[in-house]
Amino acid sequence: MHGMPAPRTGPHAMNETLLAIEARGLSKRYGRNWALVGVDLRLPAGEALVVAGRNGSGKSTLLRVLAGSLRPDRGELRLLGEPHRKGRASLVSHASFTYDALSGMENLRITAQFLGRPSGREDLQPLLDRVGLGARGDDRVQAYSAGMRKRLSLARALLQDAPILLLDEPYGQLDPPGFGWIDRLVRELREEGKTVVLASHQVERLSRLCDRALLLEGGQRVWAGPAAELPAAFDRLEEVRSKAVAV
Amino acid sequence: MRVVRAAFRKDLLLSWRGRAQGMAVVVFGATLLLLLSFAVGPNATTLRQLAGGFLWVALLFSSTLALTESFRLEREHRAIEGLLLLGAHPAAIFYGKALANWLHLFAVGLALIPVMVVLYDPGLSGIGGLIGILALGTAGISAPGTLHAGLASQIRAQQVLLPLLLFPLVVPVLIAAVRSSSLLLLGDPMGQARSWALLLLAFNGIFWPLCGLLFGHVIEE
């Protein structure tokens with residue numbers, strides 16, 4: 001990211017020449033309101049980035065633009081050195097992208113068929129087991145809790161096997177054991193060489209899990225740096241904001 | 001073709017799971033036919049003459065319910081956005097969905113034919129040809145219907161907007177379908193039904209490719 005310290009050395013040093021995400025001046029508006037304003041982002045492949053900010057700061061919009069769900073009104077975006085195209089980044093969003101009337105297994109089967117991957121029960125069951133839905137795969141999604149939908153949504157993203165994974169509020173709707181499971185999953189994905197971007201309010205937790213951090217406020221980038229420094233940066237921003245309100 | 005097949009199978013599966021709604025669409029169409037028969041009165045000749053027209057009126061109104069439902073499922077958890085994010089071409093998703101909608105509307109039409117025969121007594125001689133016209137006419141409603149249902153699904157008042165967008169566009173389909181159906185049911189000594197069927201074929205030849213091209217612009221934000 002522009003203005004950041006040099007990336008750390010380590011297991012992902014080989015990938016550092018390749019930028020997984022390269023965005024310049026990304027802007028997006030809904031009607032008259034700008035949700036993103038000129039956001040720059042440079043993330044080397046294989047690294048993990050946490051995007052933090054208050055509600056309405058533009059985190060979800062940024063992830064949807066990176067995934068290709070939303071077309072930016074201004075700016076340029078390249079993924080893995082190429083102009084952006086859908087399918088290179090998988091998104092786990094607030095919406096589950098699933099059909100309530102179908103079972104978890106059927107939802108995964110549809111995804112597999114769209115991707116041209118094997119879609120037999122024996123191919124998909126391990127994925128359901130991995131996200132903890134192995135015993136409930138044949139139940140219809142309408143009977144799932146919000147946390148189970150989130151897990152199914154993750155299974156869908158894992159099936160896509162894209163080089164970049166975008167997780168919007170991955171801890172949302174999960175129970176406490178689910179938090180640790182997400183942490184392990186992110187570590188596993190990074191070991192597989194994936195680039196992971198997480199948008200979350202879990203600043204402390206993600207500062208330990210990620211390499212880099214980006215802080216958004218009103219759709220603008222207000223701070224970027226090593227993830228370890230994010231909690232302090234977040235506190236400083238809150239302090240500035242509360243003083244501004246007091247004045 | 002792989003994505004078209006996958007989208008088609010997915011929509012058929014969803015229709016099967018929502019077969020209660022499918023039945024409601026048929027019942028709605030049958031009720032319309034019944035009400036219209038009461039409006040005309042007991043004159044057997046008039047009923048027979050209007051049978052083809054009323055079948056298509058019932059089918060058109062029923063189609064808006066079926067088309068709206070097919071996109072409600074896609075918007076519920078933004079499932080269609082998920083499919084697009086897999087890298088699927090919007091046109092492939094369109095053709096899978098339009099084919100499934102065509103099959104659905106054709107099945108509704110087939111279910112309404114016996115109701116029409118009982119209520120309007122047009123005879124059974126032209127039924128074979130009518131089924132052929134039904135296939136062409138429902139295809140003519142399905143392609144622009146799927147496109148406009150996708151457009152209307154992005155706003156809250158979709159059930160109001162869809163007929164406003166769709167009905168004017170499918171007027172040529174309705175005229176051709178009603179004329180050819182009536183000719184087939186009442187007798188067609190001059191062989192005019194063929195010309196109307198060709199018009200339906202031409203409409204489909206234009207609108208199926210056109211709607212496939214436009215679907216991406218309609219569905220993507």
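This report describes a predicted model with chains A and B.

## Confidence in chain A

Chain A has an average pLDDT of 87. A score of at least 70 is reached by 91% of its residues. Helix α2 of chain A (residues 104-115) has the highest confidence, at 95. Helix α7 of chain A (residues 230-246) has the lowest, with a mean of 75.

One stretch calls for care. Over residues 1-16 of chain A, pLDDT stays under 50. The model has 24 contacts for this stretch beyond four places in sequence. Where pLDDT is low, predicted coordinates should not be read in detail.

## The sheet in chain A

Chain A holds an open sheet of six strands. Their order is β6-β7-β8-β3-β9-β10, and the pairing is mixed. At the edges lie β6 (89-92) and β10 (220-226) of chain A, each pairing on one side only. On average, neighbouring strands of this sheet are turned by 15 degrees against each other, with direction ignored.

Look next at strands β3 (residues 48-53) and β9 (residues 212-217) of chain A. They run parallel and are joined by five bridges. Within this pair, A:A52 stands opposite A:L215 in β9(A). A helix also packs on the sheet: α5 of chain A (residues 176-191). This helix touches β3, β7 (164-168) and β8 (195-199) of chain A. Its direction makes about 150 degrees with that of β8(A).

## Two packed helices in chain B

How do helices α2 (residues 19-40) and α5 (residues 90-120) of chain B cross? Their axes come within 9 Å and cross at roughly 30 degrees. Angles under 35 degrees count as roughly parallel, so α2(B) is roughly parallel to α5(B). The crossing of α2(B) and α5(B) is right-handed.

From α2(B) they include B:G22, B:V25, B:G29 and B:L33. From α5(B) they include B:H104, B:V108, B:A111 and B:Y120. By class, the contact of α2(B) with α5(B) has 12 nonpolar, four polar and no charged residues.

## Where the chains meet

The contact between the chains takes 23 residues from chain B and 25 residues from chain A. On the side of chain B that touches chain A, α1 (2-17), α3 (44-76) and α4 (79-85) of chain B each supply at least two residues. The largest share, eight residues, comes from α1(B).

What classes of residue make up this side of chain B? There are 11 nonpolar, four polar and eight charged residues.

Notes
Residues numbered from 1 in each chain as written. Chains lettered and ligands numbered in written order. Predicted model: local features only at pLDDT ≥ 70, side-chain atom pairs only at ≥ 80, totals over all residues. Pairing = 2+ DSSP bridges. Helix = DSSP H or I, 4+ residues; strand = E, 2+ residues; numbered from the N terminus. Axes fitted to C-alpha atoms, helices over the stretch in contact; angles between N-to-C directions. Contact = placed C-beta atoms within 7 Å. pLDDT = per-residue confidence, 0-100. Parallel < 35°, antiparallel > 145°, perpendicular 65-115°, else oblique. Left-handed = near helix turned anticlockwise from the far one by under 90°. Nonpolar A, V, L, I, M, F, W, Y, C, P; charged D, E, K, R; others polar.
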